[in-house]
Amino acid sequence: MGRFHRILEPGLNILIPVLDRIRYVQSLKEIVINVPEQSAVTLDNVTLQIDGVLYLRIMDPYKASYGVEDPEYAVTQLAQTTMRSELGKLSLDKVFRERESLNANIVDAINQAADCWGIRCLRYEIKDIHVPPRVKESMQMQVEAERRKRATVLESEGTRESAINVAEGKKQAQILASEAEKAEQINQAAGEASAVLAKAKAKAEAIRILAAALTQHNGDAAASLTVAEQYVSAFSKLAKDSNTILLPSNPSDVTSMVAQAMGVYGALTKAPVPGSQDAGSRRNSRDVQDSDPSLDEELDRVKLS
């Protein structure tokens with residue numbers, strides 16, 4: 001009779017003719033509604049053409065039937081106005097970066113207004129955003145400028161890293177070279193020290209052997225022979241290294257040179273003990289008396305030469 005009586009459950013229902021009539025049929029499935037394209041102005045005064053898709057479900061058939069005349073149209077209009085309001089709060093750059101938060105804000109606004117209609121908005125998705133051609137060109141130029149900037153920055157960073165690597169390589173090379181030079185100098189010094197020590201030991205051993213030989217029988221005669229040979233050998237090397245030559249007053253008198261050298265040697269080896277001079281004189285006279293004839297012949301040969 002024109003008054004609401006009851007909501008029919010799914011399945012078989014019995015109606016009284018003339019008295020009962022089905023006035024509204026509501027689907028409890030999820031409904032997909034295309035939101036028509038509309039213009040909206042962003043926070044930085046850029047006009048956009050934007051559309052979307054709305055997903056909703058009727059939760060209360062009674063409110064959806066008697067709370068609003070056309071629930072789908074009402075929700076669509078509410079989605080458009082809410083979308084324009086939310087876009088006015090964002091700049092153009094944030095519109096593309098914050099699409100998810102924009103969709104969530106539109107869904108919350110629709111649910112608050114459509115609660116009395118028995119409708120629940122499940123989600124809202126923005127399909128397309130169209131910007132003016134000039135704005136699109138400006139965005140493309142901005143993107144190209146950003147890419148060139150990143151390329152320049154990356155190139156400069158690569159050049160800097162390359163220079164740092166080259167400097168580090170040179171630094172390590174210099175450190176290694178200095179360490180190698182240091183090790184070489186240490187090894188060379190150690191080698192020279194070992195050589196000097198070996199030469200000193202050899203010279204000391206030679207002096208010891210020479211001293212022992214001089215104390216033996218005919219030692220002075222052997223020393224005289226060695227001095228004479230060195231004197232003759234030295235004259236053979238004259239004027240080889242330099243044109244300046246220093247000669248004694250009588251270079252042919254080998255005997256006087258040998259006697260002078262032996263006198264120096266005798267003065268250095270004479271002991272300062274009293275009575276030692278007589279003993280040395282007796283020993284020298286005995287050595288001269290007991291000298292080997294072969295040494296005398298060698299001395300005569302040196303004198304003749």
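The legends below accompany close-up views of a predicted model of one protein chain.

Residues are numbered from 1 along each chain as its sequence is written. Because this is a predicted model, local features are reported only at pLDDT of at least 70 and side-chain atom pairs only at pLDDT 80 or more, while totals for chains, interfaces and linings use all residues, and side-chain values rest on heavy atoms, with hydrogens and water left out.

**View 1. The whole chain and the confidence of the prediction.** The protein chain holds nine helices and three strands, where helices (H or I, at least four residues) and strands (E, at least two) are DSSP runs numbered from the N terminus. Along the sequence these elements follow the pattern β-β-α-α-α-α-β-α-α-α-α-α. The average pLDDT, which is the predictor's confidence in each residue on a scale from 0 to 100, is 77 for the protein chain, and 69% of the residues score at least 70. Over residues 273-292 pLDDT stays under 50, and for this stretch the model has ten contacts beyond four places in sequence, a contact being heavy atoms within 4.5 Å. Among contacts in the protein chain between residues at least 6 apart in sequence, 70% join residues at least 24 apart. Buried residues make up 21% of the 305 residues in the protein chain; buried means under 20% relative accessible area, exposed over 50%, and partly exposed in between (1.4 Å probe, protein chains only).

View 2. Three strands form an open, antiparallel sheet in the order β1-β2-β3, with strands taken to pair if DSSP finds at least two bridges between them. The edge strands are β1 and β3, each of which pairs on one side only, and the twist averages 20 degrees from one strand to the next. Helix α2 packs on this sheet, touching β1, β2 and β3, and its direction makes about 40 degrees with that of β1; axes are lines fitted to C-alpha atoms, for helices over the stretch in contact, and angles run from 0 to 180 degrees between N-to-C directions. Helix α4 lies across β2 and β3 and runs at about 140 degrees to β3.

**View 3. The hairpin of β1 and β2.** The antiparallel strands β1 and β2 are joined by ten bridges, and they form a hairpin with five residues between them. Within this pairing, A40 stands opposite L48 in β2, and I33 stands opposite L54 in β2. The loop between β1 and β2 contains N45, which has a positive phi of about 60 degrees although it is not a glycine. Most residues other than glycine have a negative phi. N45 counts as exposed because its relative accessibility is 66%.

**View 4. The largest nonpolar core.** This core has 33 residues, of which L54, I110, W117 and Y124 touch the most other members; a nonpolar core is a set of buried Ala, Val, Leu, Ile, Met, Phe, Trp, Tyr and Cys residues joined through side-chain atoms within 4.5 Å. At least two residues of the core are supplied by each of β1 (30-41), β2 (47-58), α2 (71-87), α3 (92-97), α4 and β3 (119-130), and the largest share, six residues, comes from α2. Leaving aside neighbours within four places in sequence, W117 is in contact with D60, K63, A64, G67, V68, A74, V75 and L78.

View 5. N103 counts as buried because its relative accessibility is 9%, and N111 counts as buried because its relative accessibility is 18%. Not counting residues up to four places away in sequence, N103 touches Y124, E125 and I126. With neighbours within four places in sequence likewise left aside, N111 is in contact with R120 and C121.

**View 6. D128 in strand β3.** D128 lies in strand β3 and counts as partly exposed because its relative accessibility is 37%. Leaving aside neighbours within four places in sequence, D128 is in contact with Q49, I50 and D51. The C-alpha atoms of D128 and L48 are separated by 10.0 Å, and these two residues are 80 residues apart along the chain.
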